[in-house]
Amino acid sequence: MKKTLHIKKHLFSFLTLLFFTALFLPIKANAADYPASVSVNRSAGECTYSVQGLDPAQTHEMTLHVSRGNSQTAALESTIALTEENCGSGTYTGSFSLESLKDVYDTYTVSFTIGDSVVNAGTCDFSIHADKLSLQISGGTSDPARAVQVVSSEAAGEAAIPGRNKSVSVMAWPEGSDESTAVSISAKTPFTEGGMTITANAAQAGSAYGTWHAKLVLEPSASNPARTLATGTYSVAPTHTSFVVKKTKALEKKKSFALSIEGLKNVYGINKVSFQLFNSNGKKAATIAGTKKKSDGSKFYAEVTMKKLGYLLDQYTAKAVLTDQNGKTYTIDGTASADVRSQGGSLSVTKKSNATCVYKLTNAYIPGNIKKMSFLLYQYKNGKWKKKDSHNVKGTAGKSKVSLKLKNDDTGKYKIRVYGFSTWGKKILLNEKSFKLRKKDMGKNGWYYEKYAGKKYKFYYVNNEKQTDLTDILNLKESSATNKNRFYIEVNRAACTVTIFLYNDETQKYDIPIKTCAVSVGRDVSTDAGTSALNEQSSYTPLGNYSICTNGTSVKYTLKEMHEPDGSIVFARWTSHIVGNVYFHSIAVSTDSHYALPSYRYNLLGSPASAGCIRMTVSDAKWIYDYASTGTPVKIVKGNSSKPGPLGKPAVIKTTSGINYDPTDPAVPDSRKKADYKAKKITGYKTKKGKKVGY
């Protein structure tokens, strides 16, 4: 009995001990019994966590573990006492801030130790979402100020960078350099979620041209290094609004053109500009310093002379080279084209119905203007091109059309070449054109009856040109005892012309004009008297009908002494008597010499100048002497200066001081005449064989 009681007593003691032991031993919990979660307010930089299923009567505390990133490095650990007050309905809610994590941006794992169980609540994203940020940099390449736009693709209400009081700046470095050389180009700027614009100054970055890299940098803190949030690029290069070549009449006169560049801007400022010119082979031809035309350096100007280019006509490419305030040079994008080549223009050959061709050159050009043009006509004969005519045209500067009219004198193949002479004396072929002249282009040829001053005459044409001397065409023979030429000679006193007519068997009239001469009649042209008043002191040519040797006796002299009104004796060649003391003769001279004719006296030919005789050139006086038979009718009429005769009034050669001979005199050697003509001492001459030169 006692033994039984003793056993019961010990069993009771054991159970009591067991109860109190269990009461104070930790409760073995299951993690699933404690649902836990986290929520993040990135803008505020706060992470809120919540743990459910807690019983403060059984679980007096739990431990918060915050681990950083994948490394699970402990970032924050805190023991939390659980009470009835903070565990309402078995749920504990708490939070921690980015600041409590020392502002280290990362993704954090949140867990709790409850009893001997570890409860995972989730992750808290305090990382920077750089992939949600991008940079857009606007502004011209020459603008120092650039607008750096930070664009965020983060969802509305979210933050790309967690926490508050964040600042950013923009840094840049030139392409080809290491990123470590980047310098700041903006002020430190508070970061604004959802997008922002930062003003940057490209001039702060350095002095390089070309592509620059830029990055948006999160300003560093005590616990965070600087972070690159986004990158972009921009360019630095000068710009301009226009770069042109200018040509004006004033510049042409100076044999130059101008280069002008306007609207210049540059990040690093503008110190000076020079212009480089390259020829068509790409070789540098000249460098010209520009003149600043605006104080801000936005306009530079330079004049380029042809002398500077060595007078070489070419298509030049102009480039502008800018020197900035740092002393660096930059060749500005874009070029100007300076076309200083000659332009041949358009050459036309127009065949006229009057047997002439008009050669017209239109829109030809030589830089500095064309001083004169030379038209050279070539004819193709015997398999070769031979020069036929050459004519210079002066005063062509600035003219868009220059023309020349020439008579056609032969059929065949022709070529016209037009040369221009620059103001510095260079001869340049502008244009050429080949053409043919056919028989129909020669105009009139042969005999034609036409009216002049109300009367009909028979004229002879060669290639549309009325012939004024038919001696060779009619194969006239000199007058002799066996050959009597049937001529009629008319002297037009007012016009100072002599016209010789041939008798026309067809019409039985003297209506074939075969030769015309410019002469000098008596100085007194007001007297209408005939021969009755003639004396040695008179100075008029008598009006009336006469003949060669009116008295019927052949009175002709190769050289004759003649008395002047002042009593002096002069000598005249090839005289043919008309009436009284009136003769056809060459201009009288003071001695029996072919070189005693003063130029001033010869130059009076074609105007009243004699004492009454009819002065002529040596060749014309000799023609009357040779061909006019004794008895040839001579009529001296008062006439009309505007109607010199059916063959007109021929050109009169002019001589300069120092020339003392008649340029038509066959006794004067052709070589002397040719030399004086070339020296421009005489305007023309007649060769010994009778060929006219220059008139």
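Author: Let's start with helix H4, where the buried residues (under 20% relative accessible area, 1.4 Å probe, protein chains only) are Val618, Ser619, Asp620, Ala621, Trp623, Ile624, Asp626 and Tyr627. Helices here are DSSP runs of H or I, at least four residues, and strands are E runs of at least two, numbered from the N terminus. This is a predicted model, where local features need pLDDT of at least 70, side-chain atom pairs count only at pLDDT 80 or more, and totals for chains, interfaces and linings use all residues. Residues are numbered from 1 along each chain as its sequence is written, and side-chain values use heavy atoms, with hydrogens and water left out.

Reader: How many of the residues of H4 are buried?

Author: H4 runs over residues 618-627 and is mostly covered. Of its 10 residues, the buried ones number eight.

Reader: What radius of gyration does the protein chain have?

Author: The value is taken over C-alpha atoms, and the globule rule is 2.2 Å times the number of residues to the power 0.38. The C-alpha atoms fill a box of roughly 220 × 50 × 45 Å along the principal axes. A compact globule of 695 residues would come out near 26 Å, but this chain has 59 Å.

Methods: Buried < 20%, exposed > 50% of the residue type's maximum accessible area, 1.4 Å probe, protein only.
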